[in-house]
Every structure is written in structure tokens, then in C-alpha cells.
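The structure is shown first.

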Amino acid sequence: MVEFLTFREGEAAQEPAVTVESFTGQSNSTAVRIEAGEDARELLPYLDRLSLVEVNFPAFGDGRGYSAARILREAGYQGELRAVGDVLVDQLVAMRRCGFDSFRPDKALDDAAVERALNRYADVYQKTVDGRSPVWAKRHPENVNG
């Protein structure tokens, strides 16, 4: 069973994450946890100081964490971006495409199901922060930047 999954090189960040409110009031913390409803843009001035951002998914149907991940990655955040909470196996691919590179689900995931989910589709249709080239760009490379 998969209790923690990472796509990063090296060790996963171990520092306990603090709340966004606590983080913005401190100068020594390098890990923060974004709860549902909190604005990831509050962290943009501190991206160079962060080594870990945990984004909590209190319920699998709560999609606000996807937006938080994309905002951070598009702003240039390079540190670990971890999805925590009610993370389901069928969300892993979409979360990866938004920029998550590690996962700590509340309930362990089946190894085989994770493998199937991550390898199901060779191509993607949308351009996003994960760097994968969409299928249309493979067919029409002249339109990639236009």
C-alpha cells in the first residue's frame, strides 16, 4: 500500500508545516500548509524561502487545492508541493499535471492502482505546468507558442 508517494529527487521535506497565517508572521519557517479556502497568492513573496508547501484536500470533491498548486508553480515555485488529506488514486494524474510532486493521502493507496493510474495515458490534451507536450503540439509543432 502507498502511504507516501514522491516524484522528487532526494529526501522528502520533513519539517512540520505551519499555517499560512503563522508562516507569514515568521522568518524561520520553510514549510507551510494551505487549507481549503486559503489564498496561495499570500505565499508568492516568500517562494524563495519555501522548501515544502502542503495543500490539504479535506474532501476528494474539493478542487481548490488544484488552483493553489497551479498558482504556485506558474509563479515559479520549485520546492516540494505535497497533496495531503482525502487524495484518491484517480486524482493523481490531474494533481501531477497541476504541479504536485508528492502525495500523503489519509488512506493508503493500492500499489497496482497507483501504477495503472499513472501509466494509463501516454498523451495529454492540455498544456499545463508539468511540462508534458500536449498531443496537438506533437502534430503541429509550429503552433506551440502561438
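## Second largest pocket

In this predicted model, α4 contributes the most to the lining of the second largest pocket, namely three residues. The volume of this pocket is about 160 Å³. Its lining consists of V89, D90, L92, V93, A113, R116, A117, R120 and Y121. Two elements, α3 and α4, each supply two or more of these residues.

By class, the lining of the second largest pocket holds six nonpolar and three charged residues, with no polar ones.

## Largest pocket

The largest pocket has a volume of about 460 Å³. It is lined by 23 residues, of which V93, R96, R97, D130 and R132 are the closest to its centre. Here too, α3 and α4 (111-119) are the elements that give two or more residues to the lining. The largest share, four residues, is from α3.

The lining of the largest pocket comprises 11 nonpolar, nine charged and three polar residues.

## Helix α2

Helix α2 spans residues 64-74, and its buried residues are G65, Y66, A68, A69, L72 and R73. Down the axis of α2, these buried residues fall within an arc of 160°, so they line one face of the helix. An α-helix has 3.6 residues a turn, so residues three or four places apart point the same way.

The cover over the buried residues of α2 includes the strands β3 (31-34), β4 (52-57) and β5 (80-85), together with helix α3 (92-98). Just after α2, G76 adopts a positive phi of about 105°.

Methods. Residues are numbered from 1 along each chain as its sequence is written. This is a predicted model: local features need pLDDT of at least 70, side-chain atom pairs count only at pLDDT 80 or more; totals for chains, interfaces and linings use all residues. Side-chain values use heavy atoms; hydrogens and water are left out. Buried means under 20% relative accessible area, exposed over 50%, partly exposed in between (1.4 Å probe, protein chains only). The arc is that of the directions from the helix axis to the C-beta atoms. Contact means heavy atoms within 4.5 Å. On a 1 Å grid over the protein atoms alone, a cavity is a set of points where a 1.4 Å probe fits but cannot get out, and a pocket is an open set with protein on both sides within 12 Å along at least five of seven lines; lining residues have an atom within 4 Å of a point. Grid points are joined across faces, edges and corners, and a volume is the space filled by probe spheres set on the points. Ala, Val, Leu, Ile, Met, Phe, Trp, Tyr, Cys and Pro count as nonpolar, Asp, Glu, Lys and Arg as charged, and the others, Gly among them, as polar.
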